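Please look over the sequence and the model shown below before reading on. The report that follows takes a few places in turn and then turns to the pairing of the chains.

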2 protein chains.
Amino acid sequence: MQAVLLKDFGGPEVMYLGQAPQPEMQDGQVLIKVHATSVNRPDIVQRQGNYAPPKGDSEILGLEVSGVVEQVCESETRWKPGDRVFALIGGGGYAEYAVAHSGHIMAIPNHMSFAEAACICETYLTAYLNVFLLGGLADGQTVLLHGGGGGVNTAAIQLCRALCNDVQIIVTASSGKVERVIELGADFVIDYTDESFADRVKEITSGAGADIILDHIGASYFAPNMKCLGVGGRLVEIGVTSGIKAELNIALIMVKRQQIIGSTLRPRSVDEKASIIDSFQSNVMPLFEQSEIKPLISHRFPLEDAKRAHELMESSQHFGKIVLEIRS
Amino acid sequence: MQAVLLKDFGGPEVMYLGQAPQPEMQDGQVLIKVHATSVNRPDIVQRQGNYAPPKGDSEILGLEVSGVVEQVCESETRWKPGDRVFALIGGGGYAEYAVAHSGHIMAIPNHMSFAEAACICETYLTAYLNVFLLGGLADGQTVLLHGGGGGVNTAAIQLCRALCNDVQIIVTASSGKVERVIELGADFVIDYTDESFADRVKEITSGAGADIILDHIGASYFAPNMKCLGVGGRLVEIGVTSGIKAELNIALIMVKRQQIIGSTLRPRSVDEKASIIDSFQSNVMPLFEQSEIKPLISHRFPLEDAKRAHELMESSQHFGKIVLEIRS
């Protein structure tokens, strides 16, 4: 089959369209004929050689696919060839075929395209897991989201607006993205180059601070994040683009009853992922089915243009998801 | 009324038995004729001048009482004069009378003495809140408890054994307390002076580490705690006796999906405390009612001997709770 392969680890230029063996299904897995996949930030890190896939997962890039079920195991009861599906996978999305665990697959709503369906698993699932299941966002609370137009951030804005009432959404973003972030549902946008975002959050919340902060910046944002995290607040750490070491004041998190939660999706066990997807299917998929929210596609490229797609993501000029189409 | 007062902040000698005005009930409160109270570590810190009571609470020491309801508000529906009760209070326990919020009061089981009932609120509630409600300890997991014979620690050992199946309980304690800690329900005891407790925990758990760690030591234990906290583990910080600053590796808590939870009981709102007590009443009180667990009293003193009681706690020679009796 055709797949995007790596000559070496490095910049976008190391990727090329080549031939790879079709993946083999293990028990409990389903073979999917891929129609679309999408680019996620971890793909970049993996391409650079800094994020090896978990044991047993494909070395090919790509954490999610949409397509049609091609083949199932004898024991399979839920899926059958021909089903339109999308799936979370541990790797292998940039290819004509991919395997997924049966419990990591969901049905594509009737009105939804393959391109749209390829945008849901990694970002909406990440946003749902971290802001809701771990962060516990509830009606009337304040959430601070970093990351402007990124996939997880835009998904989080949509989910916060759709799943809770009276949530105050504060977003840090580059100045060029302010309008679109507001349009998507944010109440306040703070310029991300403004280092005093903590003061601005405290001002907006009349000193109370945020109930939930979703952060992928890491070290350099840790002190300001803690400064504007409210009593009982939760800081969910899902990335460390600025570094990994931070100074923690234990007395302060005690007195303020705060939680610091580290979270990643990819290395979780098959069962853990299936359980998160079950919850997502029940609580979030109805929003897509009833078109209350819609996957936000920034750009589409054919698979062979993976290089351009990665260059775009690294430029941070996109707003929403970057899709790679295999069969359009 | 008689109460233990402070001449000044300082050592145990600043306490004396003096006269104080009887506390006045606010709406929603109940006046209790105190029979017993107990000494908790925060009493020491407050006596030293380092832990002011929350606004609106008595400045008199003492975070819990047992006794008999003396007077209730007109609106009171749950309690009536003559009821044998025990209560969590924000302060004011070292006295002949104390006021408590109606929702922070529980009925004393028939067979239980006032001295025993005065030992439940602060330590068992703290252990329950942190190990179960926040830590989420579940059947088959491993818990690491620091603090040998202290009130919270001994309560936590009893609750872990009684509320979960197949929990592996590892305790750090001084060598003189090993036998009693084992008798109480611990599976493994590690000498607390052994700085490599993290290695020992990893050895006991075949490398997996602990699922829950309850820590009141703070800074100096932070690195070893993180070293032996397992994947998905939770470190609950309830004290900082060794200091407050620690270096956090954000990448590591992400990859291991760990949570660091800061927690204190005293500054929580009236409603939050009532809700914790409701849960405690349903899930823990039946264990006391059916004598499956019993409050562990180390020593009893009359109220006027508060100085000796504090000296004992500061010597850490006790095992379990130190009770002060007002009317025995």
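A:Asp166 is exposed, with a relative accessibility of 68%, where buried means under 20% relative accessible area, exposed over 50%, and partly exposed in between (1.4 Å probe, protein chains only). This residue sits in the loop of chain A that runs between helix H4 (151–163) and strand S9 (168–173); helices (H or I, at least four residues) and strands (E, at least two) are DSSP runs, numbered from the N terminus. Although A:Asp166 is not a glycine, its phi is positive, at about 55 degrees.

In chain B, B:Ser291 also has a positive phi, near 55 degrees, and is a residue other than glycine. B:Ser291 belongs to the loop between helix H10 (285–289) and strand S15 (297–302) of chain B, and with 47% relative accessibility it counts as partly exposed.

## How the model is to be read

This is a predicted model, in which local features need pLDDT of at least 70 and side-chain atom pairs count only at pLDDT 80 or more, while totals for chains, interfaces and linings use all residues. Residues are numbered from 1 along each chain as its sequence is written, chains are lettered from A and ligands numbered from 1 in the order in which they are written, and side-chain values use heavy atoms, with hydrogens and water left out.

## Cysteines

Over all chains, the structure holds zero disulfides, a disulfide being a pair of cysteine sulfur atoms within 2.5 Å. A:Cys228, for instance, is in no disulfide, and the nearest cysteine sulfur, that of A:Cys160, is 15 Å away; A:Cys228 is buried, with a relative accessible area of 0%.

In chain B, the sulfur of B:Cys119 has its closest cysteine sulfur in B:Cys121, at 10 Å, which is too far for a bond. B:Cys119 is buried, with a relative accessible area of 0%.

## A strand residue and its contacts

B:Arg84 lies in strand S5 (residues 84–88) of chain B and is partly exposed, at 30% relative accessible area. Not counting residues up to four places away in sequence, B:Arg84 touches several residues, among them B:Gly67, B:Met106, B:Pro109 and B:Phe114, where contact means heavy atoms within 4.5 Å.

## How the two chains are related

Chain A is superposed on chain B by a rotation of 180 degrees with 0.1 Å of shift along its axis (RMSD 0.0 Å), using least squares on the C-alpha atoms of residues with pLDDT of at least 70 in both. The two copies are thus related as by a two-fold rotation axis.
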